[in-house]
Amino acid sequence: MNNLKECILSREPRITAKEVAFRVGCSETDLSNYIKENRKPNSDRAIALAQVLKVKVVDIFPQAKRRFYFEL
């Protein structure tokens, strides 16, 4: 299981993937592709995902730590 899926499943209060996609402003298909690692979100969407899931960007995408020099 990848970090994005773990963050969605462990978020309290519980939130569905459909709700995450709605709050981030992407389609459920896009979110599914991010979870399956078929696609990577752009930086704005990665930040929005982190805010919705109440985590840091690097918690979801560890490989992004070189690109993001700030914490949310």
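Trainee: Okay, Ile8: buried or exposed?

Mentor: Ile8 counts as buried, because its relative accessibility is 7%. Buried means under 20% relative accessible area, exposed means over 50%, and partly exposed is in between, with a 1.4 Å probe and protein chains only. Keep in mind that this is a predicted model, where local features need pLDDT of at least 70, side-chain atom pairs count only at pLDDT 80 or more, and totals for chains, interfaces and linings use all residues. Residues are numbered from 1 along each chain as its sequence is written, and side-chain values use heavy atoms, with hydrogens and water left out.

Trainee: Where is Ile8 found?

Mentor: In helix 1. Helices (H or I, at least four residues) and strands (E, at least two) are DSSP runs, numbered from the N terminus.

Trainee: And which residues is Ile8 in contact with, leaving aside neighbours within four places in sequence?

Mentor: Ile15, Val20, Leu31, Ile35 and Leu53. Contact means heavy atoms within 4.5 Å.

Trainee: Which residues have the most contacts inside the largest nonpolar core?

Mentor: Leu4, Val20, Val24, Leu31, Leu49, Leu53 and Ile60, in a core of 20 residues. Helices 1 (3-10), 2 (17-24), 3 (28-35), 4 (43-53) and 5 (57-60) each supply at least two of the core residues, and helix 4 gives the most, with 7. By nonpolar core I mean a set of buried Ala, Val, Leu, Ile, Met, Phe, Trp, Tyr and Cys residues joined through side-chain atoms within 4.5 Å.

Trainee: What does Leu49 touch, not counting residues up to four places away in sequence?

Mentor: Leu4, Val20, Val24, Leu31, Tyr34, Pro41, Ile60 and Phe61.

Trainee: Switching to packing: at what angle do helix 2 and helix 4 cross?

Mentor: At roughly 125 degrees, with their axes coming within 9 Å. Axes are lines fitted to C-alpha atoms, for helices over the stretch in contact, and angles run from 0 to 180 degrees between N-to-C directions. The two helices, helix 2 and helix 4, are therefore oblique to each other; under 35 degrees counts as roughly parallel, over 145 as roughly antiparallel, 65 to 115 as roughly perpendicular and the rest as oblique.

Trainee: Which residues make that contact?

Mentor: Helix 2 uses Val20, Arg23 and Val24, while helix 4 uses Arg45, Ala48, Leu49, Val52 and Leu53.

Trainee: Now the backbone. Which residues does the cis peptide bond join?

Mentor: Glu12 and Pro13, with omega about -5 degrees. Pro13 sits in the loop between helix 1 and helix 2.

Trainee: What is the phi of Glu37?

Mentor: Near 65 degrees, a positive value in a residue other than glycine. Glu37 lies in the loop between helix 3 and helix 4 and is exposed, with a relative accessible area of 60%. Lys54 is not a glycine and has a positive phi of about 60 degrees; its place is in the loop between helix 4 and helix 5. Most residues other than glycine have a negative phi, and most peptide bonds are trans.

Trainee: Is Lys54 buried or exposed?

Mentor: Lys54 counts as exposed, at 60% relative accessibility. Back to where we began, Ile8 and Lys54 are 46 residues apart in sequence and 9.9 Å apart in space, C-alpha to C-alpha.
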